[in-house]
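Subject: Handover of a structure

Dear colleague,

Please find below the structure that I am passing on to you. A summary of the findings follows it.

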Amino acid sequence: MEGVIAGALLTMMAAATVAIAVQRNLFAVVILSGIYSFLMATVLVALDAVDVAMTEAAVGAGISTVLLLSALHLSRGEEVKPLHKPLLPLAVAVATGGALVYGTLDLPAFSDPQAAIHAHVAPRYIEQAYRETGVENIVTAVLASYRGYDTLGETTVVFTAGVGVIALLRRRRRAEKARA
Amino acid sequence: MKDYLVLRVIAKLMIGFMLLFALYVQFHGDFGPGGGFQAGVIVAASIVLYAIIYGLDAARTVIPDRVIEALIAVGVLVFAGVGVAGLLLGGNYLDYFVLSGDPVHGQHRGIFWVEAGVLITVFAVMLKVFYLFASRGREADAE
Amino acid sequence: MTSHFPILQVVLPLLAAPVMVLARRAGITWLIAVAMSAAVLGMAGWLFVQTGAGETISYAIGSWPPPWGIEYRIDAANAYVMLLVAAIGLLVALYSRASIAAEIPADQHYLFYTMFALCLTGLLGMAATGDAFNLFVFLEIASLSTYVLIALGRDRRALVAAYQYLITGTIGASFIVIGVGLAYLETGTLNLADMATRLPDVSDQRSVRAALAFLTVGVSLKLALFPLHLWLPNAYTYAPSAVAAFLAATATKVAVYVLMRLYYSVFGAKLVFEELAVGRVLIALSLAAMVIASAVAIFQRDVKRMFAYSSIAQVGYITLGIGIASETGLIAGIVHLFNHALTKGAIFMLLGCIALRAGGVGFDRIAGIGRVMPLTSFGIVIGGLSLIGVPGTAGFVSKWYLVVAALEQGALWLAVLVVASSLLAIVYVWRFVEAAYFNAPSAHIAALKEAPAGMLALSWVMIAACIYFGLDTRLTLGGATDAAGALMRGWP
Amino acid sequence: MTVIAAQFTYWVTIFIAIAGLYIVIARGNLIKKLVGLSIFQTSVYLLYIAPGKLIGGTAPIYSVDFAIYSNPLPHVLILTAIVVGVATLALGLALVVRIREAYGTIEEDEILAQEAPPDAVATPRP
């Protein structure tokens, strides 16, 4: 049953991406990408990734949509028909997909407890995280402690983006007039 | 939307609940899904809601730009500062074990402050980005 | 204290960035930037000396032992690259004060220095890390700050250049994430040294080969390997002068280091060069870069853009060294990485001096500039000689080694092509000489003064280094030999 | 989740990656390109997370009712990837807003048409 639901969700996700590619009304594109993110979040729940699902819903369907809408507000809402036939982009995209097919076909079998990712490194997190950090959510333990440095980097990325947007969008009326 | 009384009242209530929920997400991250990043997003969303209902200027008086810009930096400093504290107490960088006499308690303490740092920066950046986009839009409308 | 240098040299600029945002004042942030860069250079120098004897320094962040925690792993190879990045960082930080005063509004200066500190953090973090996913995170810190730095350029085309680089860079980063993911699924670990020990058991898996392919393409987008270089000319041309100098000297170089590390220390030379024909592909693309990008450079109407295309060609010489896949080839590549960084950094700093005085560096604007800005112009000429590879300059040393590496393999044609492509460099350098010295200056140009003493002095430090390292190769060649040795030994 | 569903997940992941990459490269509208870029980035999520799932396992949060937990490490990595993705999007959109103000359009072809071949004359921003 769970598999059927996940399959249906995945099919809808694929349909949403096609709709995004085809649709020229940018408002519709933004809403579709929000729907896509919600579907993704639901699939992630089915895959036990509850923290990721929560974040994807808040970020993909929430923040991203708000940002896209406010940027859209500042520009024309309709996409122009492309002038040239997009053969090269299609070739690049399909080649990438081909490499992915090639690369994923002989991955370890699904849900094989002997697969490398289940047998190596992760067992310590699952078995020891509570004893070593006193945190019941293993994802939090890995995120904030074992791999806390990645999270510092991630916070720095957010910081970089924030300061970068300030640098790009803060009005400098006097300065700009003086230069004009 | 400043003239709709119903919206204004409901929004005020909602914002209270949202902040409460954010606190839950922040501190429940040890036991269930959640953590600094998600909580920061929710806090920012509550202020965004306030700005939508009461206007950007009202939101900017509640949390001025200068304060937000400072908070953006403070969050990173808190996080990176936890790492420096580990160094000063004789451990490696980001070593939480040395933050307290009891290693597991030290871990707890480290994770608490690290998540606080994430919350502050994420909240401030999200809100600042919204302010900047929204004020840019208002000027575009005026032209 | 010294035992924490591996992490401190990355975290110091990371801490400096938020402090700068709080400080806000242009003068103070500049002082912070200079003090921080100087301290980083000191630590990088110490690490370089420490690892020279073949030692590998492992630093467990958070005191979690690898592979469960994130590890910084420093040997002669990344110490060499970090020394380069730190040295250029200090020079550019000093140079920026006068340079950006003319190009960036005063109330944005603190944002510039913040982004500069973050970019330094990202690049040093990429070089220092021993963890595959951490590599991606610091790559993104470096990338996002670079997009902003480029967009700070005066011309509106800087915005488009930054946008295009953002798209390309993010595609590249996603490729890297896919590659890391496939390698992780096969080995169960993210620690590069641990991955290296576990990869041989699964190296016949197609996923491992796909991982190698995705990582190669992703990193190649970052290092502007032909034909994935399309973002580079606009980015360098429209970025502020100080940014162009810093990026040209460091960003692509760190990406090259990452590629070498992945090939030699993680996937292993046996898989990459013997079982798969990566070396031959790399040689073909490098040759294309050397010839085509040099030829395109000749026809540019803007000097900065001309030298940007030259950078693509010069990256070709570095990747050619990797592709030859011998120890000499690797040494040649690493030494050229260093020498080209110095040369191109110096040239872009001097072009910044011209841009400051003349308002631009189009060929129509620099006619006769050699008469009014003699020191600046002469510096560019020396830099140009180093690009060509004239004996007595740093560029000669690396090209010499490249030719030797080609001959060792019995590939005379390769050696001939290296020399022949240098002839193209003569043509584009000559274009500058002709415009600067043999054209009569317009009234506007004739009224210009020589560049400010400070900027000129810093640029000439780099030019002097180009000559010094052309004559005394103990540091550059010795370091490169140690680095190549460390890479070939791998991370057991 | 069954094995068949897992296989299906891979195929959908790859399809989404192709579609996203195609939108980024082929489309000229700067906002649509960013949407495509986001989709390409999100396609990676399932590649990491689906293999971490164990049948009969549960979310990696300690509980007395369960003994098998799915692998937490991919979750941590993808959390970071999501955050990096939204940071990139915010920066990209800020650039789009500035480009729109400088050029009056967000169509790549129209922007390129406004620029003569590169030369040294700096075009002042409006």
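How many residues of chain D are in contact with chain B? In this predicted model, 4 residues of chain D touch 4 residues of chain B. On the chain D side of that contact, the residues comprise 4 nonpolar, no polar and no charged.

For chain A, the mean pLDDT is 85, and 92% of the residues score at least 70. Within chain A, helix α8 (residues 148-169) has the highest confidence, at a mean of 96, whereas helix α9 (residues 173-179) has the lowest, at 46. Over residues 174-180 of chain A, pLDDT remains under 50, and the model has 3 contacts beyond four places in sequence for this stretch.

In chain C, the axes of helix α3 (residues 76-103) and helix α4 (residues 109-128) come within 10 Å and cross at roughly 175°. Because angles over 145 degrees count as roughly antiparallel, that description applies to α3(C) and α4(C). Among the residues making this contact are C:V81 and C:V85 of α3(C), together with C:F112 and C:F116 of α4(C). The contact as a whole has 12 nonpolar, 3 polar and no charged residues.

Finally, the largest nonpolar core has 396 residues, and those with the most contacts inside it include C:Y80, C:A162 and D:L95. Helix α3 (residues 72-103) of chain D gives the most to this core, with 22 residues. Beyond its neighbours within four places in sequence, D:L95 is in contact with A:L168 and with several residues of chain C, including C:A151, C:A162 and C:L166.

With kind regards

Terms used
Residues are numbered from 1 along each chain as its sequence is written. Chains are lettered from A and ligands numbered from 1 in the order in which they are written. This is a predicted model: local features need pLDDT of at least 70, side-chain atom pairs count only at pLDDT 80 or more; totals for chains, interfaces and linings use all residues. pLDDT is the predictor's confidence in each residue, from 0 to 100. Helices (H or I, at least four residues) and strands (E, at least two) are DSSP runs, numbered from the N terminus. Two residues are in contact if their C-beta atoms, placed from the backbone, lie within 7 Å. Axes are lines fitted to C-alpha atoms, for helices over the stretch in contact, and angles run from 0 to 180 degrees between N-to-C directions. Angles under 35 degrees count as roughly parallel, over 145 as roughly antiparallel, 65 to 115 as roughly perpendicular and the rest as oblique. Ala, Val, Leu, Ile, Met, Phe, Trp, Tyr, Cys and Pro count as nonpolar, Asp, Glu, Lys and Arg as charged, and the others, Gly among them, as polar. A nonpolar core is a set of buried Ala, Val, Leu, Ile, Met, Phe, Trp, Tyr and Cys residues joined through C-beta atoms within 7 Å. A residue is buried if 20 or more other C-beta atoms lie within 10 Å of its own, exposed if 12 or fewer, and partly exposed in between; C-beta atoms are placed from the backbone.
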